[in-house]
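Please look at the sequence and the structure before reading on.

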Amino acid sequence: MRTPAATVGVIGGGQLARMMHAASIGLGLRLRLLAEGPDVSAAQVVREVAVGDYTDPSTVAGFAAGCDVITFDHEHVPTQILHDLEDAGIAVRPGPEALVHAQDKAVMRSRLGAMGVPCPANEVVTDEAALVSFGDRHGWPMIAKTSRGGYDGKGVWKLDGPDEAGVPFAGLRADAVVIAEEFIDFARELSVLVARRPGGQAVVYPVSETVQTDGICTATTTPAPGLRPDQVRDLQAMGLRIAQELGVVGILAVELMQATDGSVVVNELAMRPHNTGHWSIDGAVTSQFENHLRAVADLPLGSTALTAPVSVMVNVLGGTRADLLSGLDGVFAADRGIRVQLYGKDVVPGRKVGHVTAVGDDLEATTERAWRAARHLMGDTDE
């Protein structure tokens, strides 16, 4: 009889690992953490914490030796280290052959293009002249991205004309290239989350609408309003197909841009629990964090059904309220149904320090409840 992995090692100590820890408790899984520091978000709650450099092969190998399976809070562990772990017989989920598509946007674009998945027109450009040539052919403005290392809007530039072509190449990492992409004047952004086990069992969550501000996810609405049943079916099928063909184990987030005509293109991939799925802690039968752990431990996956007709998640970004706990009294007194997750982080302007979720029957009312609670925690005095 197959034995599920009992000890899950998580590399990275951010809020995603913190919320994985909460999900691990009911499953009876033992979580071990390789953290960047002793006081980072997840290290405050996980019992077994090793502090070390996730880019150092010996550090990662020593940590992994005490685990049945390795998974991630982020996608920044060097690909070769993960291959070395697999060569040593350690289960890595998602494995490096899949994860490289989230680590390297050039690899991701090439593979999705070969699969026929809709993407913006794109091209790896080696210098400013090649980037200008792409812009002249596909139109200005255009998007330039570094293939590795970018997140939350970093490493992404909207270029209005040829005189800005040098910007993406300044300070470019040695292991990265610049990708030129067609600018998509999208109407909104969507997200599809899939959870997949090693043997291929997969489940998909309802499609979410996401709001991005300066490259940071600020809010999600689930299910995404205004999608026809056939559009939902097709987007979920796309997510399941990508997870299957790339061999993803765990959560796959497919971030999409939708044009005014309803067509979509893939913007990014992530292979870990994702900000656009935080609503699922309170709005789905099985959260993305629990299904991620079930997948990497090779346990049957849980239902992704909604617990209410509408779920709205709003990120709490660092604002004028330095002590977030002091804001909980007002939040809960005003709305007993609001759910709050605080990440144990110092409040820095614009930093993700928590999120709130409201569930309900009415889209407008549920949205207003979530934003009211988030604004209160951010110290918005104009609420």
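The report moves from the whole chain to selected residues.

**Overall picture**

The model is predicted. The protein contains 11 helices and 18 strands. Its C-alpha atoms fill a box of roughly 55 × 55 × 40 Å along the principal axes. For 383 residues, a compact globule would have a radius of gyration near 21 Å, and the value for the protein, 21 Å, agrees with this. Buried residues make up 53% of the 383 residues.

**An aromatic pair**

A pair of aromatic rings is described by the distance of the centres and the angle of the planes. A search of the whole structure finds 1 such pair. Tyr205 and Trp279 form this pair, which is edge-to-face, with 6.1 Å from centre to centre and 90 degrees between the planes. Tyr205 lies in the loop between strands S11 and S12, and Trp279 in the loop between strand S15 and helix H8, so the pair ties together parts that are 74 residues apart in sequence. Both Tyr205 and Trp279 are buried.

**A buried loop residue**

Ala43 is located in the loop between strand S2 (30–35) and strand S3 (48–51). Its relative accessible area is 13%, and because buried means under 20%, Ala43 counts as buried. Leaving aside residues up to four places away in sequence, Ala43 touches Gly13, Leu33, Ala35, Gly37, Pro38 and Val49. Ser58 is 15 residues from Ala43 in sequence, and their C-alpha atoms are 21 Å apart in space.

**Backbone features**

Most residues other than glycine have a negative phi, and most peptide bonds are trans.

| Cis peptide bond | Omega | Loop holding the proline |
|---|---|---|
| Arg93 to Pro94 | about 0 degrees | between strand S5 (91–92) and helix H4 (96–103) |
| Trp140 to Pro141 | near 0 degrees | between helix H6 (128–138) and strand S7 (142–146) |

Asp214 has a positive phi, near 55 degrees. This residue lies in the loop between S12 and strand S13 (216–222), and Asp214 is exposed, with a relative accessible area of 74%. Asp298 also has a positive phi, about 65 degrees. Its place is the loop between helix H9 (288–296) and strand S16 (310–317). At 14% relative accessibility, Asp298 counts as buried.

Terms used:
Residues numbered from 1 in each chain as written. Predicted model: local features only at pLDDT ≥ 70, side-chain atom pairs only at ≥ 80, totals over all residues. Heavy atoms only, no water. Helix = DSSP H or I, 4+ residues; strand = E, 2+ residues; numbered from the N terminus. Rg over C-alpha atoms; globule rule 2.2 N^0.38 Å. Buried < 20%, exposed > 50% of the residue type's maximum accessible area, 1.4 Å probe, protein only. Phe/Tyr/Trp six-rings, centres within 6.5 Å; stacked < 30°, edge-to-face > 60°. Contact = heavy atoms within 4.5 Å.
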